[in-house]
Amino acid sequence: MAARPPSPRTVAGWILSRPETLTEPEQLRLKTVRAHCPELDALTRHVRSFADMLTERQGERLPHWLDAVRKDDLPSLHTLASGIDRDLDAVIAGLALPWNSGTVESHVNRIKMLKRQMFGRAGFHLYESASCSTQDTPCHTDS
């Protein structure tokens with residue numbers, strides 16, 4: 001009986017993990033998946049190359065990385081590359097410079113979480129009930 005293939009989520013987790021943090025069986029299974037799927041092999045190379053660029057602050061490598069991405073038939077990465085091209089200088093600076101907006105983003109995320117806890121996610125029913133309270137006619141009709 002053949003072994004069950006790993007789920008897409010599992011493979012994505014392996015690709016997005018630092019290679020040294022994967023167990024030996026995980027490394028072997030990822031190697032097998034990559035050998036059977038050239039697209040996943042290329043994707044893994046590009047993701048890991050980008051991660052190295054990010055962690056080593058080597059933004060100057062970004063144009064070369066974008067060229068390498070465009071040589072492979074990976075439409076999702078082509079979309080990412082096009083998005084990066086729209087603000088290439090800022091992305092290079094973000095990858096190269098030691099400053100970041102992590103603290104600000106953390107505060108924004110905390111505020112959003114608190115608002116969700118207090119009011120729930122914004123939805124039509126919130127707007128509907130607010131506008132209904134000021135009208136003489138009922139908002140809900142049973143049709």
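What share of the contacts in the chain with a separation of 6 or more comes from residues 24 or more positions apart? The share is 47%, where a contact means heavy atoms within 4.5 Å.

Before going on, a word on the source. This is a predicted model, in which local features need pLDDT of at least 70 and side-chain atom pairs count only at pLDDT 80 or more, while totals for chains, interfaces and linings use all residues. Residues are numbered from 1 along each chain as its sequence is written, and side-chain values use heavy atoms, with hydrogens and water left out.

Now the overall layout. The chain has eight helices and zero strands. Both are DSSP runs numbered from the N terminus: helices are H or I with at least four residues, strands are E with at least two. Of the 143 residues, 17% count as buried. Buried means under 20% relative accessible area, exposed means over 50%, and partly exposed is in between, with a 1.4 Å probe and protein chains only.

Let me start with helix H1, residues 8-16, and its packing on H3. Their axes are 9 Å apart and meet at an angle of about 40°. The axes are lines fitted to C-alpha atoms, for helices over the stretch in contact, and the angles run from 0 to 180 degrees between N-to-C directions. H1 and H3 are therefore oblique to each other; under 35 degrees would count as roughly parallel, over 145 as roughly antiparallel, 65 to 115 as roughly perpendicular, and the rest is oblique. On the H1 side the contact uses Val11, Trp14, Ile15 and Leu16, and on the H3 side Leu40, Leu43, Thr44, Val47 and Arg48. Seven of these residues are nonpolar, one is polar and one is charged. For that count, Ala, Val, Leu, Ile, Met, Phe, Trp, Tyr, Cys and Pro are nonpolar, Asp, Glu, Lys and Arg are charged, and the others, Gly among them, are polar.

Look at Thr44 in helix H3. Its relative accessibility is 0%, so Thr44 counts as buried. Leaving aside neighbours within four places in sequence, Thr44 is in contact with Ile15 and Arg34.

The structure holds one aromatic pair. The ring centres of Phe50 and Trp65 are 5.0 Å apart and the planes are at 55°, so this pair is tilted. The rule is that rings of Phe, Tyr and Trp (its six-membered ring) pair if their centres lie within 6.5 Å; planes under 30 degrees apart are stacked, over 60 edge-to-face, and the rest tilted. Phe50 sits in helix H3 (residues 38-55) and Trp65 in helix H4 (residues 62-71), 15 residues apart. Phe50 is partly exposed at 23% relative accessible area, whereas Trp65, at 4%, is buried.

Last, helix H5, residues 75-85. Which residues of H5 are buried? They are Leu77, Ala81 and Ile84. These cover an arc of only 60° around the axis, which puts them on the same side of H5; the arc is that of the directions from the helix axis to the C-beta atoms. Pro75, Ser76 and Thr79 are exposed on the other side. The cover over the buried residues of H5 includes H3, H4 and helix H6 (88-96).

Take Leu77 as one case. At 10% relative accessibility, Leu77 counts as buried. Not counting residues up to four places away in sequence, Leu77 touches Leu43, His46 and Val69. Leu77 and His46 are 31 residues apart along the chain, and their C-alpha atoms are separated by 8.9 Å.
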